[in-house]
Amino acid sequence: MIGGLFIYNHKGEVLISRVYRDDIGRNAVDAFRVNVIHARQQVRSPVTNIARTSFFHVKRSNIWLAAVTKQNVNAAMVFEFLYKMCDVMTAYFGKISEENIKNNFVLIYELLDEILDFGYPQNSETGALKTFITQQGIKGQTKEEQSQITSQVTGQIGWRREGIKYRRNELFLDVLESVNLLMSPQGQVLSAHVSGRVVMKSYLSGMPECKFGMNDKIVIDKQGKGGASDDPGKSGKQSIAIDDCTFHQCVRLSKFDSERSISFIPPDGEYELMRYRTTKDIILPFRVIPLVREVGRTKLEVKVVIKSNFKPSLLAQKIEVRIPTPLNTSGVQVICMKGKAKYKASENAIVWKIKRMAGMKESQISAEIELLPTNDKKKWARPPISMNFEVPFAPSGLKVRYLKVFESKLNYSDHDVIKWVRYIGRSGIYETRC
Amino acid sequence: MTDSKYFTTTKKGEIFELKAELNSDKKEKKKEAVKKVIASMTVGKDVSALFPDVVNCMQTDNLELKKLVYLYLMNYAKSQPDMAIMAVNTFVKDCEDPNPLIRALAVRTMGCIRVDKITEYLCEPLRKCLKDEDPYVRKTAAVCVAKLHDINAQLVEDQGFLDTLKDLISDSNPMVVANAVAALSEIAESHPNSNLLDLNPQTINKLLTALNECTEWGQIFILDCLANYTPRDDRESQSICERVTPRLSHANSAVVLSAVKVLMKFMEMLPKDLDYYGTLLKKLAPPLVTLLSAEPELQYVALRNINLIVQRRPEILKHEMKVFFVKYNDPIYVKLEKLDIMIRLASQANIAQVLAELKEYATEVDVDFVRKAVRAIGRCAIKVEQSAERCVSTLLDLIQTKVNYVVQEAIVVIKDIFRKYPNKYESVIGTLCENLDSLDEPEARAAMIWIVGEYAERIDNADELLESFLEGFHDESTQVQLQLLTAIVKLFLKKPTETQELVQQVLSLATQDSDNPDLRDRGYIYWRLLSTDPVAAKEVVLAEKPLISEETDLIEPTLLEELICHIGTLASVYHKPPSAFVEGSRGVQHKRLAGSAGSGESVESPDAGSAAGASEAPPAVIPSQGDLLGDLLNLDLTPPTTAGPPPPPSSGMQMGAMDLLGGGLDSLLGGDLGGSPAMGAGFAAPPAAMPASFSAPVSSGLDDLFDLGGGVGMPMGAYSPPKTVWLPAMKAKGLEISGTFARRAGVIQMEMTLTNKAMSVMTDFAIQFNRNSFGLAPAGPLQVLSPLSPNQSIEVTLPLNTVGPVMKMDPLNNLQVAVKNNIDVFYFSCQYPISMLFVEDGKMERQVFLATWKDIPNDNESQFQIKDCHLSSDASSSKLQGSNIFTIAKRTVEGQDMLYQSMKLTNGIWLLAELRVQTGNPNYTVCLKCRAPEVSQCVFQSYEAVLKN
């Protein structure tokens with residue numbers, strides 16, 4: 001298990017050092033500084049073995065976190081723990097910086113004592129931790145409060161405390177997708193996938209039982225077979241095939257595995273309910289049509305057309321097209337119908353920005369690129385044209401069908417909860433070769 | 001108010017000031033002072049002088065202050081054990097506190113204080129806490145048992161904590177269960193044979209229930225524990241798999257990987273024709289792909305594991321090639337791993353895409369990555385025959401870029417392509433020759449020279465080309481020199497008329513002007529071959545070469561099986577068994593996959609070093625030295641053509657093995673320590689580019705060169721124990737060594753069976769001993785003349801002498817051995833029967849015997865019993881004589897035969913013995929007298945072994 005945990009600043013000075021196991025000595029602290037932080041070359045592996053001691057390290061801004069061990073630990077767990085540690089610290093005092101860590105070192109030691117025991121990670125849900133690690137002392141607690149804390153920390157629902165009350169029961173669902181594309185110059189899709197996240201902000205009283213439903217093909221097909229669906233033709237068309245998904249630990253996985261239903265008691269506040277990936281029937285919000293013509297040895301003519309491919313009533317935002325130019329470019333003249341375009345010599349690219357664009361529209365840019373004559377035999381590799389944008393729908397076609405809330409003990413029902421759903425599609429790596 | 005100010009106190013007299021503040025009446029001031037102390041402690045200042053003052057602050061109802069004091073205590077208690085006792089009372093009191101958080105805090109902290117006296121006081125509170133009504137206290141107490149076990153294992157057993165811990169597996173609270181499982185698993189690791197984690201269907205069921213309810217970390221503990229279970233049959237296996245699969249959707253990658261481990265392991269037991277088997281395979285792919293969208297560090301762990309999974313079950317991810325395409329912004333460690341997996345997944349179906357990608361990568365910035373990409377193109381050519389042509393043309397394109405390291409890398413891989421597809425792509429040789437001048441790396445130069453030599457008949461100016469290299473012959477690395485020698489000999493055999501001068505030049509350079517034994521020896525071999533029988537020389541040097549295998553860099557199957565059992569852990573990241581990097585007993589156990597192990601009955605490997613009888617010389621492997629060195633050496637031994645220069649000993653590492661290295665490392669590596677007894681590393685070493693079968697036909701004619709014959713005499717009936725496995729294949733990348741010792745015709749011999757259980761040919765064997773009690777050392781090189789092909793065994797006899805360096809070992813007859821082959825250097829230790837060292841002239845004169853017997857003080861006498869021996873005294877006597885234990889006199893008193901015996905060790909130590917044999921009583925008594933009584937125990941063991949065999 002984890003033998004020790006150190007936090008360093010960018011100079012390699014120790015800010016926090018907590019040793020859990022006898023086999024880790026003080027010299028381990030220095031070994032890491034000398035061999036990793038002060039090493040000349042960039043990090044070649046996130047796990048470094050120095051004198052039979054293994055160091056797992058991650059870096060957040062210019063702060064290093066290193067977990068140390070001499071045993072055959074579960075490596076995935078150590079990294080997951082380090083990320084979790086970062087999350088917890090961020091939840092307590094904001095950005096992870098040298099100043100914040102020094103200002104909160106007592107708190108950090110207290111947290112480290114709680115979430116790691118003899119190197120074994122314990123409950124690390126911020127919701128639970130905040131009930132009893134407060135930096136204010138817990139002197140005034142009654143016996144009931146104390147046992148409530150301990151039962152929450154060790155309980156099945158470690159991520160939520162009892163007795164939460166809101167005057168207004170409200171929840172926000174964000175479906176955030178990033179769509180990735182690699183397209184050939186002829187407009188053939190080489191690879192495309194959507195990686196999506198469902199982020200939920202819940203402000204609900206008590207211990208609400210939630211059930212989340214979406215147009216998952218497997219679920220819809222199942223219902224279709226049972227004859228329960230009133231309009232099989234329509235729902236069949238709108239369902240989507242999900243390649244894989246993972247859930248927050250509040251979701252009952254065995255239930256998902258057997259019935260494919262997503263049921264859970266949500267943490268309070270913001271958290272990520274699920275992540276998913278789809279590769280079929282993706283709506284590609286934009287199509288990029290490149291045309292590059294070499295005019296002699298010193299001139300290139302580039303014409304790029306972008307077409308928006310979604311409902312005319314919707315608006316795409318923050319559109320940016322990046323057209324790479326050869327290294328020996330000496331000058332560029334650009335004409336575009338819409339937005340602004342600029343040649344950025346330092347980035348070797350023409351950057352074309354459009355604030356807004358409605359669906360089913362088309363826009364064009366043409367550029368003349370002057371080249372310096374070179375005797376470099378190597379041909380220009382023609383990097384792909386990349387694109388950035390944001391659209392108000394889910395390119396995967398995912399739809400939230402329902403999110404039901406049940407709280408039997410308190411007097412509010414599903415209808416009383418105010419629910420907000422928002423879809424945002426963003427470009428991931430969205431590239432067209434030219 | 002901020003706490004960062006505590007980090008900046010650097011003024012003098014600080015300790016004194018702190019002392020005053022700690023003893024202040026004001027609570028706030030006290031707390032401030034403790035904070036300052038902790039801050040100083042963190043940055044490495046010694047504040048142990050404040051121990052009594054800090055401990056005085058412990059009695060407080062301020063929890064924050066209490067925690068700080070505890071933190072201090074954990075750090076310094078060990079250095080101030082007497083004062084730490086002052087804290088015990090508070091701990092004991094806190095363990096009774098009505099607040100469960102304080103009870104847990106006390107028991108958690110107490111376990112971290114490694115002071116014996118405190119440990120004693122811990123037992124009672126711990127016992128109470130293990131049965132506490134509050135689950136938070138119980139889960140903390142469960143971990144505390146593991147802490148206590150780490151300090152004093154005996155105490156934990158005596159106090160019955162292990163049973164209490166086992167009971168906690170049935171606890172109603174899932175987190176208590178998870179922590180109890182974690183603690184038990186850890187304790188069980190240090191007791192490999194105890195049945196501590198008594199996994200049976202009932203407990204498994206409890207664990208699976210808790211799995212659904214506990215925290216993400218708890219799920220990992222439980223899954224890791226489940227992976228050690230062996231289901232009784234395929235039905236149980238399937239039902240566990242069914243209950244574990246939902247975990248594949250967990251957001252925590254570690255939960256997913258641990259679940260994958262359980263599934264990969266239990267899948268082995270499922271019949272392949274079962275529908276469920278196919279379903280399970282399909283279910284594994286998506287979560288593995290999803291892991292690649294995690295943070296880069298986790299991606300790296302995932303990729304290292306996927307690398308293993310793909311080798312074990314390529315079908316799982318065969319359609320997922322695209323997800324391993326490298327992204328521009330991936331960290332370099334992710335890129336390199338992805339590239340590895342792409343090559344493994346490359347097949348005829350996807351080769352076009354893969355090649356297009358690889359070509360892109362070859363234009364990237366990072367040199368290592370580019371090199372690997374170029375190498376990958378070559379591997380694709382060798383793996384997928386249909387793509388070879390395209391690969392070659394891609395490589396030629398890359399050579400045209402004239403980027404120096406790309407060109408060199410390309411030439412190295414083209415050499416391999418020539419080996420795989422002879423007489424197909426030779427048209428490119430012209431292009432390669434154009435780049436001759438730009439090659440500055442030994443590997444590339446050697447590859448180019450090999451190509452020129454191999455195709456000398458097609459290259460018009462081959463002699464000129466090779467001659468140009470010859471000019472700076474002595475500045476070249478050994479690898480290039482050897483290759484040049486061979487290439488010129490090849491050239492001579494192909495075009496004898498024009499190149500006579502050249503070949504004489506190179507032979508004289510190699511034999512007369514070189515002090516490298518490898519080079520010299522090879523030079524002599526060629527010389528002699530050419531001068532005695534040119535036809536044979538042609539047959540040998542120009543023999544047809546075996547094809548090179550398609551898959552390269554595969555992990556050896558036994559190791560792969562073990563690593564699959566360690567999915568998710570460090571072992572799977574390093575691709576090394578835990579024993580290679582974990583000290584002590586932990587992790588030395590080997591894990592194997594159940595179904596494929598053949599017998600299927602034993603999951604825990606039997607060769608875990610469990611002690612056999614002491615006289616049996618158990619195969620104790622020395623991981624702490626061996627693997628550390630192995631790692632170091634690995635770096636330089638990778639090109640199998642020759643051994644590189646000895647790596648500089650890394651100063652950063654604590655080298656326990658310095659002794660072993662003393663003078664021997666250089667010679668093991670084929671360096672130039674001419675006189676070393678272990679020399680000969682290079683004798684049987686055909687260069688990799690030469691026909692692998694080369695040395696076999698030559699060997700018969702070489703006896704005069706090596707003149708070591710083996711010196712086998714007639715066995716005299718001396719006792720020789722049966723062969724035992726000294727070095728299991730698992731420890732040595734597929735090389736298994738079993739062996740024994742014998743004394744034949746006065747020569748001590750080490751008789752070994754070398755078995756190649758790996759997939760590649762092994763060559764270049766050499767052996768070296770560490771210093772030992774009797775100065776045993778090899779009397780000649782290890783004679784393994786032909787390369788050892790996979791699944792082949794070879795019997796080797798190594799004559800030993802006793803003139804080597806001496807160092808007392810424990811046990812006395814322990815021998816640490818290093819064996820080297822073309823893959824690595826391996827270390828093991830074995831015990832030899834001391835009777836090997838009894839010399840033939842060990843018979844003492846009667847008078848001398850009597851005088852000596854009296855002269856040796858009685859303190860030096862030791863007595864042993866040999867039970868269950870049914871020989872008569874005469875039979876015993878003659879049997880012992882076979883092993884050079886001589887009977888000098890016999891006396892019979894009241895039906896009891898007393899045999900007076902003597903023996904002499906190689907180092908001149910005399911041993912006198914009295915063996916008492918009573919007719920009808922199977923128990924013999926041996927009395928030993930010796931001036932060096934430490935040998936008695938070993939001698940006694942030999943007596944027993946000889947008499948009973």
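**Figure 1. Domains of chain A.** The centres of domain 1 and domain 2 of chain A, taken over C-alpha atoms, lie 33 Å apart. Domain bounds come from an automatic or database domain assignment. For chain A this gives domain 1 (4-130), domain 2 (170-222 + 239-282 + 394-432) and domain 3 (286-391). This is a predicted model, where local features need pLDDT of at least 70. Residues are numbered from 1 along each chain as its sequence is written.

**Figure 2. Helices H4 and H5 of chain B.** Helices are DSSP runs of H or I with at least four residues, and strands are runs of E with at least two, numbered from the N terminus. The axes of H4(B) (residues 63-76) and H5(B) (residues 81-94) come within 13 Å and cross at roughly 130 degrees. Axes are lines fitted to C-alpha atoms, for helices over the stretch in contact, and angles run from 0 to 180 degrees between N-to-C directions. In H4(B), B:Lys66, B:Tyr70 and B:Leu73 meet B:Ala87, B:Thr90, B:Phe91 and B:Asp94 of H5(B). Contact means heavy atoms within 4.5 Å.

**Figure 3. A sheet in chain B.** Five strands form an open sheet in the order S10-S14-S13-S12-S11 (chain B), with antiparallel pairing. S10 (861-866) and S11 (886-893) of chain B stand at the edges with a single partner strand each, so one side of each has no neighbour in the sheet. The twist averages 20 degrees from one strand to the next. Two strands pair if DSSP finds at least two bridges between them. Seven bridges join S11(B) to S12(B) (residues 896-904).

**Figure 4. Helix H39 of chain B.** H39(B) (residues 936-948) lies across S10, S12, S13 (910-918) and S14 (924-930) of chain B. H39(B) runs at about 25 degrees to S10(B).

Note on methods:
Chains lettered and ligands numbered in written order. Predicted model: local features only at pLDDT ≥ 70, side-chain atom pairs only at ≥ 80, totals over all residues. Heavy atoms only, no water.
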